[in-house]
Amino acid sequence: MNVLIAEDDPDMQKILGLYLRREGYQVDTVGDGAAAVDFLAEHPVDLVVLDWMMPVQNGLDTCREVRRLNIPVKILMLTAKGQNEDEVAGLSCGADDYLRKPFDMQVLLLRVKKLCNAEGVLRCGKLTLNPGTGEAALDGRRLELIRTEFGLLSCFMSNQRMVLSRERLLDRVWGMDFTGDTRTVDAHIRRLRGKIGGGYIKTRIGMGYVMEDVDG
């Protein structure tokens with residue numbers, strides 16, 4: 001998942017970037033609202049962590065412009081403003097969520113995760129898969145997968161830490177009418193491992209395969 005941090009405080013930029021990258025997000029940063037709009041116009045982004053008080057163009061006006069341009073991105077507004085009317089203003093301008101400073105970093109990470117998963121995106125470590133768009137990525141880089149590879153990855157990511165037999169994978173990905181050999185599964189998983197790395201899908205001898213987060 002790609003996250004853009006729009007924050008003029010270099011220290012806050014650094015801290016937010018550090019924590020988000022640890023969670024497996026691909027992170028870019030800008031220092032003002034106008035730069036955020038320019039970046040979003042040129043790069044696909046899943047979420048913007050948008051500070052309210054910034055030079056050149058503040059977060060409120062930036063949020064309004066992003067929505068006016070119909071850029072498909074989730075927006076989490078950050079602000080030191082603590083009044084209820086400020087929160088109403090932030091949400092009314094098109095933000096999807098609003099977080100007051102100072103905040104607990106774990107709370108922010110949970111808010112980010114919730115917003116990034118709002119469209120049913122599946123995550124396992126640095127792997128992401130969006131069933132709706134048919135896209136998969138590793139550490140923010142899009143994976144070029146054939147239909148059966150995407151089907152296998154979707155099946156594994158929907159059933160993480162569950163052992164899936166070759167027969168079950170055949171039924172789910174190839175269909176119940178498939179009459180080929182179960183070794184077909186092995187061959188496709190070898191190719192899939194070559195694209196996502198060998199650590200995610202582990203073999204359980206005599207049982208099948210299981211997907212686990214390589215980072216724990």
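Analyst: Arg147, Thr148, Gly151, Leu152, Cys155 and Phe156 in H6 meet Leu169, Arg172, Val173 and Trp174 in H7. Contact here means heavy atoms within 4.5 Å. Helices (H or I, at least four residues) and strands (E, at least two) are DSSP runs, numbered from the N terminus. The residues of this contact divide into 6 nonpolar, 2 polar and 2 charged. Ala, Val, Leu, Ile, Met, Phe, Trp, Tyr, Cys and Pro count as nonpolar, Asp, Glu, Lys and Arg as charged, and the others, Gly among them, as polar. This is a predicted model, in which local features need pLDDT of at least 70 and side-chain atom pairs count only at pLDDT 80 or more, while totals for chains, interfaces and linings use all residues. Residues are numbered from 1 along each chain as its sequence is written, and side-chain values use heavy atoms, with hydrogens and water left out.

User: Why are H6 and H7 called oblique to each other?

Analyst: Their axes come within 9 Å and cross at roughly 120 degrees. The axes are lines fitted to C-alpha atoms, for helices over the stretch in contact, and angles run from 0 to 180 degrees between N-to-C directions. Angles under 35 degrees count as roughly parallel, over 145 as roughly antiparallel, 65 to 115 as roughly perpendicular and the rest as oblique. H6 and H7 are therefore oblique.

User: What makes Arg161 count as exposed?

Analyst: Buried means under 20% relative accessible area, exposed over 50%, and partly exposed in between (1.4 Å probe, protein chains only). Arg161 has 63% relative accessibility, so this residue counts as exposed. Arg161 lies in the loop between H6 and H7, and its phi is positive, near 70 degrees, in a residue other than glycine.

User: How do you know that Val56 is exposed?

Analyst: The relative accessible area of Val56 is 71%, and the cut-off for exposed is over 50%. Val56 is found in the loop between strand E3 (47-51) and helix H3 (59-68). Although not a glycine, Val56 has a positive phi of about 70 degrees.

User: What makes a set of residues a nonpolar core, and which members of the largest one touch the most others?

Analyst: A nonpolar core is a set of buried Ala, Val, Leu, Ile, Met, Phe, Trp, Tyr and Cys residues joined through side-chain atoms within 4.5 Å. The largest has 27 residues, and Leu127, Leu153, Phe156, Leu169, Ile196, Ile201 and Met211 touch the most other members. H6 gives the largest share, 6 residues.
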